[in-house]
Amino acid sequence: LRAVLRRLADAEDEAATARISACRTSGAELARLLASVGGCEAAHAALLRSLPGPPG
Amino acid sequence: LSAAEATRALQAVLAGEHAAVFAYGALAARLTGAQRDAAITALESHRARRDEVTERVRALGEEPAAAAPAYRLPGRLAHAKDARRLAADVEDRVADLYGQLVAAADGRLRVAAARALADAAVRAATWRGRTSALPGLTAASPT
């Protein structure tokens with residue numbers, strides 16, 4: 001489970017990075033939306049990393 | 001959007017960072033243990049962003065927005081949960097300001113603003129223990 005959580009968190013971080021990079025070439029309002037979605041993904045990653053692993 | 005709008009959004013971000021630095025100073029004094037450490041780390045992050053934004057404003061030939069002598073904090077923050085809620089609200093506000101800057105700026109400044117929005121969203125989620133839908137999109141865009 002710990003490995004799965006870590007992979008999920010890494011995937012969220014990668015998605016956030018891609019979304020933020022895409023801001024550069026997007027129109028103003030789309031860029032703001034992409035930044036917001038990237039923020040959500042980065043927050044998901046942080047919360048996934050804060051979850052306790054299985055006991056033992 | 002015009003350079004003047006980007007500058008306005010940048011000044012608004014600077015004002016928000018000044019307020020965040022003040023708020024986290026007060027919060028750090030009210031929290032203990034790991035939460036106090038988190039508040040101090042957030043305080044340092046906001047100080048660094050404040051200084052970075054100040055330099056960006058100066059580079060545009062503008063006078064950077066000054067900090068207010070003090071800011072009104074809601075209530076007495078008697079309990080740790082009140083302090084955590086305020087910290088999350090501060091981050092929501094900062095995320096909104098960076099969201100407006102994303103829309104008003106372009107190039108490297110836009111990407112830097114998007115990164116700062118994401119950092120604020122992470123801190124807000126960490127304080128709340130849950131994510132918010134679409135951080136940085138609450139306030140209307142500059143038009």
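Predicted model: local features only at pLDDT ≥ 70, side-chain atom pairs only at ≥ 80, totals over all residues.

Residues are numbered from 1 along each chain as its sequence is written, chains are lettered from A and ligands numbered from 1 in the order in which they are written, and side-chain values use heavy atoms, leaving out hydrogens and water.

**Two cavities**

A cavity is a set of points, on a 1 Å grid over the protein atoms alone, where a 1.4 Å probe fits but cannot get out; its lining residues have an atom within 4 Å of a point. Grid points are joined across faces, edges and corners, and the volume is the space filled by probe spheres set on the points. The structure holds 2 cavities of 30 Å³ or more.

Among the residues that line the largest cavity are B:Leu10, B:Arg49, B:Val53, B:Tyr98 and B:Leu101. Helices H2 (33-59), H3 (80-104) and H4 (107-128) of chain B each supply at least two residues of that lining; helices here are DSSP runs (H or I) of at least four residues, numbered from the N terminus. The lining of the second largest cavity includes A:Gly39 and A:Cys40 as well as B:Asp92 and B:Pro135. Two or more of its residues come from helix H2 (28-50) of chain A, and likewise from H4 of chain B.

**Helix H2 of chain B**

H2(B) has 27 residues and reaches 39 Å from its first C-alpha to its last, close to the 39 Å expected at 1.5 Å a residue (that is, 1.5 Å times one less than the number of residues). Which residues of H2(B) are buried? They are B:Ala39, B:Ala42, B:Leu43, B:His46, B:Arg49, B:Val53, B:Thr54 and B:Val57, where buried means under 20% relative accessible area, exposed over 50% and partly exposed in between, with a 1.4 Å probe and protein chains only. These buried residues pack against helix H1 (3-30), H3 and H4 of chain B. B:Glu44 is also found in this helix, but is partly exposed at 47%. After the helix comes B:Gly61, with a positive phi near 80°.

**The core and its neighbours**

A nonpolar core is a set of buried Ala, Val, Leu, Ile, Met, Phe, Trp, Tyr and Cys residues joined through side-chain atoms within 4.5 Å. The largest one has 46 residues, and B:Val53, B:Tyr98 and B:Leu101 are among those that touch the most other members. H3(B) gives the largest share of this core, 12 residues. B:Leu101 touches B:Ala6, B:Ala9, B:Leu10, B:Val13, B:Leu109 and B:Ala113, leaving aside residues up to four places away in sequence; contact means heavy atoms within 4.5 Å.

**Two more residues**

B:Arg123 is found in helix H4 of chain B and, at 16% relative accessibility, counts as buried. Its contacts, not counting residues up to four places away in sequence, are B:Ala42, B:Ser45, B:His46 and B:Glu91. B:Leu134 lies in the segment after H4 of chain B, and its phi is positive, near 50°, in a residue other than glycine.

Technical notes
1 Å grid on protein atoms, 1.4 Å probe; cavity = no way out; pocket = protein on both sides within 12 Å on 5 of 7 lines; lining within 4 Å.
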